[in-house]
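Hello,

Here is the structure I promised to pass on. Please open it and keep it on screen while you read my notes.

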Amino acid sequence: MARIHLSKATVTEREEQLVVEALRSGWVAPLGPMVDSFEAEIAERTGVAGALALSSGTAALHLALLHHGVGAGDVVVVPSMTFAATTNAIVYTGATPVFVDSQASDANVDVALMIEAVDALRAEGENVAAVVTVDLYGRAVDYSTLVPALVERGIPLVEDAAEALGASLDGAACGSFGSCAAISFNGNKIMTTSGGGMLLSNDTELLARARYLSTQARQPAPWYEHTEVGYNYRMSNLLAALGIGQLERLDAMIARRREIRDLYADAFADLDGVRLLGRSEGDDRHDNCWLTGAIVEGREPGFIDHVVEGFNAADIEARHLWKPMHMQPMYASARTFGGDVAAGLFHSGLNLPSGVDLTDDDVARVIATFRELVAR
């Protein structure tokens, strides 16, 4: 049987047509008309004033933090449960990350604890230069509580929506919260440009500054004139062409991933101690269902390791949830508010195959394997 992948990119003739069109136009270097169109379409999709196409979501986070003056001596409050890129972008600036625990229901940051962390740090005399949130696995953070609290305290919010394009909260799209947001088009995301990302904002000055820095901070002179350090962060016209084609299919891809999550939910409803992350009735969040996370509780330590190993032995790709940053060797000495919930989720959770290329037979094979491994 063919290997089942976790989240494999799919490309159609439409994407191929657009990439060939970009090639034949002569715009094969970074920037070009496809980049301009892609930025406009993503901005419209997320309901923001503008977008800046970049080489990665990490680049978008870095530029966002630089705009807010984050640097050495500052602290930035961030969820512990995330991919390393979120935290690494903070370190690029010279600032220090301070981690906050998750809530058990969906692994997203515990917003009440995040606000508590901000207040405690400021009371100690720390300069909290920014807060970074992460819309984990395609599900929005509780911005209805967090945003007004940060506005009241005068602290900028940068939204890491790398995993959440197409998701929303109360009708507002992920990527539209805070001063700005980063999204990712990496190969395994909900849609891809092979590699790439975007910075989104309603602040046109922020976008203009980021655009300048992302093109090596080149001054408007008839030669290469530079007065400060810039970055080579812009997106290729060819990759933007691929993104335009993927964006046309985004709603269909989200719908299929949602179908897959519903199939898992129905199939595991009778299993003791098994639940899916973030799936609740009457919720005001519209998830994009990028990855379906399953939590298996009430088992002995190390049980989830055996489940992941069993999947891979059956030629099915399954992965642990993100290992929390406060548990990573490189951040072992970092300050953390809480941490036990995120650690518990890591030790009891895994992500199941969720890609749009999965057939119903593939999903049935994943379900049968999961049930066998959990029973064992």
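With which side chain does the side chain of Asp106 make a polar contact? Keep that in mind while we look at the whole chain. One caution comes before that: this is a predicted model.

**The whole protein**

The protein has 12 helices and 15 strands. Its radius of gyration is 21 Å, close to the 21 Å that the globule rule gives for 376 residues, so the protein is as compact as a globular protein of that length. Along the principal axes, the C-alpha atoms fill a box of roughly 70 × 60 × 35 Å.

Of the 376 residues, 54% count as buried. The protein exposes about 15,400 Å². Carbon and sulfur atoms supply 51% of that area.

Now take contacts between residues at least 6 apart in sequence. Of these, 72% join residues at least 24 apart.

Charges come next. There are 28 positive and 50 negative side chains. The centres of the two sets lie 4 Å apart.

**Back to Asp106**

Find the loop between β3 (96-100) and α5 (111-123); Asp106 sits there. Is Asp106 buried or exposed? Its relative accessible area is 3%, and buried means under 20%, so Asp106 is buried.

The partner from my opening question is Arg139: its side chain makes a polar contact with the side chain of Asp106, at 2.9 Å. Leave aside the neighbours of Asp106 within four places in sequence. Asp106 is then in contact with Leu136, Arg139, Leu277 and Gly278.

Best wishes

How values were computed. Residues numbered from 1 in each chain as written. Predicted model: local features only at pLDDT ≥ 70, side-chain atom pairs only at ≥ 80, totals over all residues. Heavy atoms only, no water. Helix = DSSP H or I, 4+ residues; strand = E, 2+ residues; numbered from the N terminus. Rg over C-alpha atoms; globule rule 2.2 N^0.38 Å. Buried < 20%, exposed > 50% of the residue type's maximum accessible area, 1.4 Å probe, protein only. Contact = heavy atoms within 4.5 Å. Areas by Shrake-Rupley, 256 points an atom, 1.4 Å probe, with all protein chains shown as cover. Lys, Arg positive; Asp, Glu negative; His and termini not counted. Charge placed at Lys NZ, Arg CZ, Asp CG, Glu CD. Polar contact = N/O pair within 3.5 Å; in protein donor to acceptor, adjacent residues only side chain to side chain.
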